[in-house]
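User: I would like to learn how to read a structure like the one below. Please take me through it one feature at a time.

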Amino acid sequence: MKLVLIGAPAAGKGTQARKLIDKYKLAYISTGDMLREEVSKGTDLGLKVKSVMASGGLVSDDLIIAIVKERIKADDCKNGFILDGFPRTVVQAEKLDELIEHIDKAIYIDCPDEILLERITARQTCPKCGASYNKISVPSKVEGICDVCGEHLTQRKDDTVEAGKARLETFHNQSEPLVDYYKKQGRLFDVDGTMGIDKITEAIFAELGD
Ligand code: AMP
């Protein structure tokens with residue numbers, strides 16, 4: 001199964017992706033995580049993308065397509081994969097279709113901006129295992145410590161009000177057209193992102209089946 005997750009920042013893509021990879025045994029591909037790793041290692045690629053990421057813009061289509069093209073060739077993708085944060089533009093979606101023929105389903109987690117901005121600024125992530133928390137709605141059991149691996153939680157550099165607003169704008173301008181793109185292909189599943197984590201998971205599982 002080849003899945004794409006679409007949603008504005010903090011819509012809950014990463015949280016749902018974790019549940020989907022467990023159930024369907026898929027490889028998890030987050031282009032944001034891959035880029036953040038490059039930035040933290042200080043590689044040439046990391047240095048190139050650091051400032052655009054911090055400002056809430058998108059890195060170039062060519063660059064991100066080249067990264068995904070290589071990643072989906074890996075062994076762990078043989079049983080299928082879930083893409084979180086890619087495609088983010090129609091150009092990227094068209095290129096993906098060229099690379100793999102077509103995806104099975106694009107899951108769009110739809111959520112209003114006011115809620116997203118609140119979530120963005122309250123979000124904490126684990127730099128080691130990638131688990132995501134929210135100080136208000138999904139707090140860790142011990143404040144500031146990851147429930148899964150015990151690491152100290154951090155706030156993403158782009159999870160500020162200013163960068164958050166810019167990322168929402170980027171989503172509306174550049175990524176929202178993907179909803180129509182996949183709707184026209186008959187591959188879109190639209191889910192209400194305000195329902196609560198478990199209800200959203202249930203709806204997605206019901207759509208995808210066993
Ligand atoms: P994310 O963790 O998915 O929110 O991604 C963090 C940042 O990485 C984004 O705000 C972009 O700057 C960059 N990024 C991640 N995926 C893509 C993509 N598919 N196309 C362009 N930029 C991306």
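**Reading the model**

Analyst: Bear in mind that this is a predicted model. We can start with the ligand.

User: Which residues come nearest to the ligand?

Analyst: Begin with the list of neighbours. Here 15 residues are around the ligand, and Thr31, Arg36, Gly57, Gly85 and Gln92 come nearest. Sorted by type, the shell has six nonpolar, five polar and four charged residues.

User: Which helix gives the most to that shell?

Analyst: Helix H2, residues 31–41, which supplies four residues.

User: Which atoms lie 2.8 Å, 2.9 Å and 3.0 Å from a nitrogen atom of the ligand?

Analyst: For polar contacts, look for pairs of N or O atoms within 3.5 Å. A polar side-chain atom of Thr31 is 2.8 Å from a ligand nitrogen. From Gly85 it is a backbone N or O atom, at 2.9 Å from a ligand nitrogen. Arg88 places a polar side-chain atom 3.0 Å from a nitrogen of the ligand. As for cover, the ligand on its own has 480 Å² of accessible area, and the protein covers 97% of that.

User: Now the helix pairs. At what angle do H1 and H9 pack?

Analyst: Read the angle together with the distance between the axes. Helix H1 (residues 13–24) packs with helix H9 (residues 197–208) at about 45 degrees, the axes being 10 Å apart. Angles under 35 degrees count as roughly parallel, and 65 to 115 as roughly perpendicular. H1 and H9 are therefore oblique to each other. The crossing in which H1 passes H9 is right-handed.

User: Why are H4 and H5 described as roughly parallel?

Analyst: Their axes cross at roughly 30 degrees and come within 10 Å; H4 is residues 61–71 and H5 is residues 90–100. An angle under 35 degrees counts as roughly parallel, so that is how H4 and H5 lie to each other. H4 and H5 also make a right-handed crossing.

User: Which residue has a positive phi although it is not a glycine?

Analyst: Ala10, with a phi of about 70 degrees. Ala10 belongs to the loop between strand S1 (2–6) and H1.

Definitions and conventions: Residues numbered from 1 in each chain as written. Predicted model: local features only at pLDDT ≥ 70, side-chain atom pairs only at ≥ 80, totals over all residues. Heavy atoms only, no water. Near = heavy atom within 4 Å. Polar contact = N/O pair within 3.5 Å; in protein donor to acceptor, adjacent residues only side chain to side chain. Areas by Shrake-Rupley, 256 points an atom, 1.4 Å probe, with all protein chains shown as cover. Helix = DSSP H or I, 4+ residues; strand = E, 2+ residues; numbered from the N terminus. Nonpolar A, V, L, I, M, F, W, Y, C, P; charged D, E, K, R; others polar. Axes fitted to C-alpha atoms, helices over the stretch in contact; angles between N-to-C directions. Parallel < 35°, antiparallel > 145°, perpendicular 65-115°, else oblique. Left-handed = near helix turned anticlockwise from the far one by under 90°.
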